[in-house]
Amino acid sequence: MTRGLCTFSILTAISMIGLTGIAVMLIKSNNKIADQKHFNLLKSKLESEINQRVSVYKYGLMGTRSAFLASQNVEREEFRRLIEARQLEEEFPAVTGIGYIEHVPLNQLDTFLEQTRADGMPDYKISRLKETMDEPDYMLIKYIEPVLSNRQAMGLDIGSESIRREAATLAMQTGHATLTDRITLVQASREGAGFLLLLPLYNTARTPRNLQHRVQSIKGWVYMTILAERVFSGVTKNIDSELDFAVYDNKSMKPENLLFDQDYLSETSHKISAQNSRYHAVVDIPFGGKKLTASIRTTAHFKAATNTSAWLTGWGGCVVTILLTMLIQSQATAVSRANQIATNMTTDLRTNVIHLYEAMQSAEEARNSAEHANATKSDFLATMSHEIRTPLNGILGMTSVLSQSQLTTEQRANVRTVIHSSEALLAIINDILDISKIEAGKLELEKIDFAPQSVAKEIMELLQFMAKDKGLQLNLEIEDNVPSWV
């Protein structure tokens, strides 16, 4: 019997630890799934905000081009009033200037200069980024506003530099807004990487349908000068700083390709890296015919699901396992001691017939000792049952408090399972205490109403995790004639 109790205590401890481990892993797994969903939602919001940011500039240029389409000749003063009517800092925070570039064939340069100087710019002159002139035409900045902060760009031949010319040519050929590769703006050389966003303007009201007509009909380009850092600054304010992101001008996310890094502007200034980021994603940002690359990572402010319930379940399960094992082992020790005394008494009776009186007296003493040991065992069972209730009630109390906090639906279901499991364990401990009552002759049967449907549903909740882990579907069906109360 003693060996059986020892084996039972070992099996009970292993089972309790196994169940506790399964519960902890399930809770942590559900938390990880919730964290991934939260990250994906924030990433989608951030990606949408970035795409909305960059699209603003394209539509701003389309509005400027409309003024040229509505007028045969937009003069300098008219263009100035057009741009002045816009709230540049609010509508286009990354733009340092909006202008018009005219396509000038070599044989029309003198006429262009004469007309431009007569149109309120007598000191207009051409400047070039490279002095060699192998190109068949000029691409001259004719207007740019505000003039004061962009005077250095006035008269610049953007066609004298390969990056600018390539983007202007592509815009002309496609009819779409086109972004240059990163450049240094001549009027903002100290403010980091910049771009030109160019939208072609043709001699016709509509964009010609084929490439040859587009090349032949090109009149010029409306354009914006854009600072990369300003385009993306402040994007994360709508996601409570839970994410950081960096933008690169191509797929290769090397330091030399970096256009913007949110970390450099944040108060905490913690470097984006795999070491301090739980989740990471790379997305494309379409902008003016190019695809920029955004690297998005979580920060230390990422609101991850708490594992408090998992730790409470783990510690609670370990404590209950230890206490229950000690209780069973103590019972086994008491039974072993009683059996040893009975064995010794039987041996004395067989081997010491001559000392019958002394043997009978020894038997009486042994019986008294056994009864005392059994009484001690019963007292110990009663005491330990009460002692186990104390931490178990603590677990029930803490899980009850946790269930009243802000939890997801899955987390709330997990906490409810912990509560039901603890209540079931408390019932087992009460049954152990009933053993002592039976031995003391004090057991009383109670007649208590209960709801069989509720009991069945609680049992389902306890077994649901194990069924799900084994890939089984566990269903509960209750006949209509089952009474609500019995």
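A: Start with the terms for exposure: a residue is buried under 20% relative accessible area, exposed over 50%, and partly exposed in between. Arginine 80 has 26% relative accessibility, so it counts as partly exposed. Everything described here belongs to a predicted model.

The side chain of arginine 80 meets that of glutamate 77 in a salt bridge, with 2.2 Å from N to O. Both residues lie in α2 and are 3 residues apart, which means that about one helical turn separates them. Glutamate 77, at 38% relative accessibility, is partly exposed. The pair is part of a network of salt bridges that links Glu77, Arg80, Arg81 and Glu84.

Helix α2 covers residues 76–84, and its buried residues are Arg76, Phe79 and Ile83. Viewed down the axis of α2, these buried residues fall within an arc of 65°, so they line one face of the helix. Phe79 also belongs to a cluster, joined by ring pairs, that includes Phe68, Tyr100 and Tyr143.

Glutamate 91 has 32% relative accessibility and counts as partly exposed. Arginine 86 is partly exposed too, at 25%.

The next element to examine is helix α4, because the buried residues of α4 pack against α2, and also against β1 (95–105) and β3 (137–145). In α4, residues 109–118, the buried residues are Leu109, Phe112, Leu113 and Thr116. They span an arc of only 95° around the axis, and therefore sit on the same side of α4. The face turned away from that buried side carries the exposed residues Asp110, Glu114 and Ala118. Helix α4 thus has a buried side and an opposite face with exposed residues. After α4 comes glycine 120, which has a positive phi, near 75°.

Leucine 156 lies in strand β4, residues 156–157. With a relative accessible area of 5%, leucine 156 is buried. Leaving out residues up to four places away in sequence, leucine 156 touches Ser127, Arg128, Leu129, Met139, Leu140, Ile141 and Val186. For one of these, serine 127, the sequence separation from leucine 156 is 29 residues, yet the two C-alpha atoms are 4.7 Å apart.

Arginine 164 bridges to glutamate 161, and their closest N and O atoms are 2.9 Å apart. Both of these residues are buried. Arg164 is also among the residues touched by threonine 180, together with Ile163, Ala167, Phe195, Leu196, Leu198 and Lys290, not counting residues up to four places away in sequence. Threonine 180 is in the loop between β5 (178–179) and β6 (194–202). Its relative accessible area is 1%, so threonine 180 is buried.

Of its 486 residues, 42% count as buried. Among contacts with a separation of 6 or more, 71% are between residues 24 or more positions apart. The salt bridges described above belong to a total of 12 in the structure.

Aromatic pairs number 10. One of them joins phenylalanine 232 and phenylalanine 245 edge-to-face, at 6.4 Å centre to centre and with 80° between the planes. Phenylalanine 232 is in helix α8 (residues 228–232) and phenylalanine 245 in strand β8 (residues 243–248), 13 residues apart. Both phenylalanines are buried.

One nonpolar surface patch, of about 570 Å², is made by Leu19, Phe450, Val455, Ile459, Leu463, Met466 and Val486. Helix α12 (residues 452–469) provides the largest share of this patch, 4 residues. Methionine 466 lies in α12 and, at 33% relative accessibility, counts as partly exposed.

Notes
Residues are numbered from 1 along each chain as its sequence is written. This is a predicted model: local features need pLDDT of at least 70, side-chain atom pairs count only at pLDDT 80 or more; totals for chains, interfaces and linings use all residues. Side-chain values use heavy atoms; hydrogens and water are left out. Patches are made of residues with over 30% relative accessible area and no salt bridge: like charges are joined within 9 Å, nonpolar side chains (Val, Leu, Ile, Met, Phe, Trp, Tyr) within 5 Å. Accessible areas come from the Shrake-Rupley method with a 1.4 Å probe; for residues, only the protein chains shown count as cover. A salt bridge is a side-chain nitrogen of Lys or Arg within 4 Å of a carboxyl oxygen of Asp or Glu. Helices (H or I, at least four residues) and strands (E, at least two) are DSSP runs, numbered from the N terminus. Buried means under 20% relative accessible area, exposed over 50%, partly exposed in between (1.4 Å probe, protein chains only). Contact means heavy atoms within 4.5 Å. The arc is that of the directions from the helix axis to the C-beta atoms. Rings of Phe, Tyr and Trp (its six-membered ring) pair if their centres lie within 6.5 Å; planes under 30 degrees apart count as stacked, over 60 as edge-to-face and the rest as tilted.
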